[in-house]
Amino acid sequence: MMDLFSNSELAGIAKKVVAGQRLTKEDGIKLMNSNDLLAIGQMADYVRQKKNGNKAYFIHNRHINHTNICVNECKFCAFGVDEKHETAYLMTLDEIEARAKEVVDTRVSEVHIVGGLHPDLSFDFYLEMLRLVKAILPNTHIQAFTAVEIAYFAKQLETTYEDVLKQLRSAGLGSLPGGGAEVFSPRVREQLCHKKISGEEWLKVMESVHKIGMRSNATMLYGHIETAEERIDHLLKLRELQDRTGGFMTFIPLAFHPKNTGLEDKGILKTTGFEDLKMLAVSRLMLDNFDHIKAFWIMVGPKLAQISLSFGVDDIDGTVIEEKITHAAGAETGQGMTKREILNLIRKAGKVPVERDTLYNVIQEDFHES
Ligand code: V47
């Protein structure tokens with residue numbers, strides 16, 4: 001690999017990657033500002049190969065977004081609305097039960113539940129929701145509530161993050177997804193989501209999650225007003241927490257979708273394939289202590305998610321079934337993919353498909369061609 005890059009502006013970084021050395025903030029910014037996508041991709045692929053061999057992971061999951069009612073009013077979000085908005089909804093426990101029952105016979109191993117910050121829903125509703133889903137799907141892992149929701153519950157109950165998390169865990173919570181991180185930069189948050197908890201607070205919630213022995217994911221919403229430096233700072237803050245706790249499983253860069261958001265009329269366009277691949281590959285290179293980098297196919301599209309398997313990515317999420325957050329913001333992808341379609345994408349990329357559970361235990365890896 002070194003020979004290939006000996007004349008490249010990235011030769012110094014390639015040398016470090018091959019030697020397994022940690023990249024610096026300056027390296028990260030240089031990578032973000034470089035257009036040598038193939039060099040960046042090849043380095044990321046080298047790291048991916050070392051960490052995950054030829055395996056590409058997916059999960060049989062279903063998403064449930066119980067409410068879009070949210071007090072936070074983030075400018076980048078087209079999903080959250082005020083209680084009085086014509087599209088406002090809150091699923092009843094019966095409706096949530098029906099969604100869980102839909103997948104009883106389908107070997108779904110994970111239910112992913114996130115929603116808005118509802119102004120007056122009691123904490124008991126969430127506990128009841130978890131108990132209900134767990135009763136219907138006892139062998140299914142529930143990955144639910146972003147760090148932002150956990151902080152909101154703790155504030156409402158005037159208690160600690162740990163206390164909230166332990167109560168939710170007793171009701172069936174298995175792990176936390178990575179949403180709500182956005183970009184940690186106070187400048188970006190001030191402009192886009194000033195009501196949302198700060199980046200430091202998001203990290204504190206995750207530290208509590210890891211402290212009580214639960215795992216979680218991490219995300220970054222990119223492609224709006226953030227700078228290359230702010231992206232790298234975000235990755236470095238995650239890397240620093242991961243050094244201390246080891247609790248993160250996967251990092252998922254989330255490609256911003258502008259339609260119907262407060263940024264649509266600011267001239268911000270959808271992210272492009274080039275940027276998406278670069279962001280995924282740079283994430284692989286900077287987050288040397290994360291085992292997995294995931295391309296959420298709902299956001300980058302199945303075709304790009306497939307290509308990203310040669311650019312540092314080893315996971316393309318899963319069947320999903322019903323997704324509301326990105327689709328509210330104009331996603332043109334389907335609502336779900338079948339296992340057969342996922343297997344085909346992975347195989348045609350020359351990788352070995354591995355169906356995993358939420359915690360990356362292998363469910364199946366010997367798939368017969370079908
Ligand atoms: O927290 C909001 C983001 C997140 C938009 O942990 C938007 O495995 C793009 O976190 N365009 C929710 N993104 C989704 C999420 C997630 C998805 C899949 C897997 C996992 C995981 C986590 O979506 C929100 C926010 O950061 N978001 N609006 C938008 N217009």
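**A close look at Y222**

Modeller: The side chains of Y222 and D276 are joined by a polar contact of 2.6 Å. (A polar contact is a pair of N or O atoms within 3.5 Å; within protein, one must be able to donate a hydrogen and the other to accept it, and residues adjacent in sequence count only if both atoms are side-chain atoms.) This is a predicted model, where local features need pLDDT of at least 70, side-chain atom pairs count only at pLDDT 80 or more, and totals for chains, interfaces and linings use all residues. Residues are numbered from 1 along each chain as its sequence is written, and side-chain values use heavy atoms, leaving out hydrogens and water.

Where does Y222 lie? Its place is strand β6, residues 216–222. (Strands are DSSP runs of E, at least two residues, and helices are runs of H or I, at least four; both are numbered from the N terminus.) Y222 has a relative accessible area of 1%, so it is buried. (Buried means under 20%, exposed over 50%, partly exposed in between, with a 1.4 Å probe and protein chains only.)

Now its neighbours. Not counting residues up to four places away in sequence, Y222 touches R231, P253, L254, A255, F256, T271, E275, D276, M279 and V300. (Contact means heavy atoms within 4.5 Å.) S185 is 37 residues from Y222 in sequence and 12 Å away in space, C-alpha to C-alpha.

For another buried residue, take S208. S208 is in helix α10, residues 199–211. Its relative accessibility is 12%, so S208 counts as buried. S208 touches Y161, E162 and L165, again not counting residues up to four places away in sequence.
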